[in-house]
Amino acid sequence: MVRPAPSKISRAIVQLGHLNFPAAIGRNGRTALKREGDGKSPISTIGLMHGFYRGDRLTGIVTALPMQRTRKSMLWCDEPRSPNYNRLVNAPFAPSHEEMMRNDSLYDVCLVLDWNITSRSRNRGSAIFMHLIRPGYEPTAGCVALHPRDMRRILPHLRKGTKIRIL
């Protein structure tokens, strides 16, 4: 469960059983009416699909969740007009996209939440991931972000279909 933290709209607490972890969420908080580019995390119960990891930076990831090593050619389309909207695509790719193999560490572990993927609608939001934090728990564009040590603690408990409930 991901519940709002009392301090700021862009902070949350990820709860796993009796454990609680600080997290960053969308810079504009949460919403039940997610739209592309709104900077909000969707209030919903979302299944985990799979994940990516930077094999050149991390080893020993323990999880039952299907994980794929990130390659330089991996991109995620965030252009609502593209037929590949909210899908993993390969470079070269002209429409708007995110690089999955980033220079920073945000996607060193990146878990794909089934937000607007299995049942897709244009402009309903793309690339809603659970990934690693920026320093100081800076807000995300709508994802849930955890400290690397906390991500490692929850990964063994995750598998395909695990429900992430954002309140």
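Is C143 buried or exposed? I found C143 buried, with a relative accessible area of 5%; buried means under 20%, exposed over 50% and partly exposed in between, with a 1.4 Å probe and protein chains only.

**Basis.** I noted that the model is predicted, that local features need pLDDT of at least 70 and side-chain atom pairs pLDDT 80 or more, and that totals for chains, interfaces and linings use all residues. Residues are numbered from 1 along each chain as its sequence is written, and side-chain values use heavy atoms, without hydrogens and water.

**Annotated residues.** I looked up the UniProt record, an unreviewed entry, whose "active site" annotation covers H131 and C143. Both H131 and C143 are included in the lining of the largest pocket. UniProt positions follow the numbering used here, feature names are shortened, and annotations may be inferred rather than shown by experiment.

**C143.** I placed C143 in the loop between β12 and β13 (144–146); strands are DSSP runs of E, at least two residues, numbered from the N terminus. Beyond four places in sequence, its contacts (heavy atoms within 4.5 Å) include A24, S41, F129 and H131.

**H131.** I located H131 in strand β12 (residues 129–132). H131 is buried, with a relative accessible area of 4%. Setting aside residues up to four places away in sequence, H131 touches, among others, L106, Y107, C143 and M151.

**A sheet.** I then traced an open sheet of three strands in the order β9-β8-β10, with antiparallel pairing; two strands pair if DSSP finds at least two bridges between them. Its edge strands are β9 (88–90) and β10 (97–99). Strand β8 (residues 74–77) pairs with β9 over three bridges, and M74 has N90 as its bridge partner in β9.

Terms used
On a 1 Å grid over the protein atoms alone, a cavity is a set of points where a 1.4 Å probe fits but cannot get out, and a pocket is an open set with protein on both sides within 12 Å along at least five of seven lines; lining residues have an atom within 4 Å of a point. Helices (H or I, at least four residues) and strands (E, at least two) are DSSP runs, numbered from the N terminus.
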